[in-house]
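Please read it alongside the sequence and the model.

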Amino acid sequence: MTEATRRSIADLVLSLLVAGGAVILFIGAADLPPPRFEPLGSAALPRILGALLLLFAAILALRAGLRLHRGWVAPKAEVNGADPRKGFAVLLALILYVLALDVLRVPFVAATTVFVVVVGLSIGARNWRNLLVFAGLGLVLSLAISTILSRFLFITIG
């Protein structure tokens, strides 16, 4: 099996799993009560997340299909570039992020900014430039999510 075929199959399996997660969100959102006072209701966020998950799953599946159709060949430098320690670091960061938000009640903006920095530096190069880029990205992302949730969905988070 070629590297392109292996990657394409992995991407297709991942896209199916993500689509399955989106379907679970839609099924769960169907049981939520209709809105009474707020404009969008409690089912809005799961439906928005489900739609985004379906969109990303479709993009991933489309890229995998195009990769197989065009006969893409992996560059030599990328073939053995996987490092399981990076995946473990991201998983550990995610667990600590959820722990910080749920148990320790760390404010959302601070916890999300630190999470983005830790994940970015664990995957990419560890230098001052990346630290500043990921810190800025994490701060902007967390402020944007917090603002959208509070102003449009009337959800107060951290």
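## Helix H1

Helix H1 covers residues 3-30, 28 residues in total. At 1.5 Å a residue it should span 40 Å, and its end C-alpha atoms lie 41 Å apart, which agrees. The expected span is 1.5 Å times one less than the number of residues. Helices are DSSP runs (H or I, at least four residues), numbered from the N terminus.

Seen along H1, the buried residues are Glu 3, Ala 4, Ser 8, Asp 11, Ser 15, Ala 22 and Ala 29. Buried means under 20% relative accessible area, exposed over 50%, and partly exposed in between (1.4 Å probe, protein chains only).

## Basis of the model

This is a predicted model: local features need pLDDT of at least 70, side-chain atom pairs count only at pLDDT 80 or more, and totals for chains, interfaces and linings use all residues. Residues are numbered from 1 along each chain as its sequence is written, and side-chain values use heavy atoms, with hydrogens and water left out.

## Helix H6

H6 runs over residues 128-151. Its 24 residues should span 34 Å at 1.5 Å each; the end C-alpha atoms are 34 Å apart, which agrees. At the start of H6, a side-chain oxygen of Asn 127 comes to within 3.3 Å of the backbone nitrogen of Arg 129.

Buried in H6 are Asn 130, Gly 138, Ser 142, Ser 146 and Leu 149. Their cover includes helix H2 (44-70) and helix H5 (108-123).

## H5 against H6

Two packed helices are described by the angle between their axes and the distance between the axes. The axes of H5 and H6 come within 8 Å and cross at roughly 145 degrees. Axes are lines fitted to C-alpha atoms, for helices over the stretch in contact, with angles from 0 to 180 degrees between N-to-C directions.

The contact (heavy atoms within 4.5 Å) includes Phe 108, Val 109 and Thr 113 of H5. On H6, Phe 134, Leu 139 and Ser 146 are among the residues involved. The contact residues divide into 13 nonpolar, seven polar and no charged. Ala, Val, Leu, Ile, Met, Phe, Trp, Tyr, Cys and Pro count as nonpolar, Asp, Glu, Lys and Arg as charged, and the others, Gly among them, as polar.

Leu 139 is partly exposed, with a relative accessible area of 40%. Leu 139 touches Val 109 and Thr 113, not counting residues up to four places away in sequence. Leu 139 and Ala 111 are 28 residues apart in sequence and 9.7 Å apart in space, C-alpha to C-alpha.

Ser 146 is buried, at 18% relative accessible area. Leaving aside neighbours within four places in sequence, Ser 146 contacts Phe 108, Val 109 and Ile 157.

Note on methods: Helix = DSSP H or I, 4+ residues; strand = E, 2+ residues; numbered from the N terminus. Polar contact = N/O pair within 3.5 Å; in protein donor to acceptor, adjacent residues only side chain to side chain.
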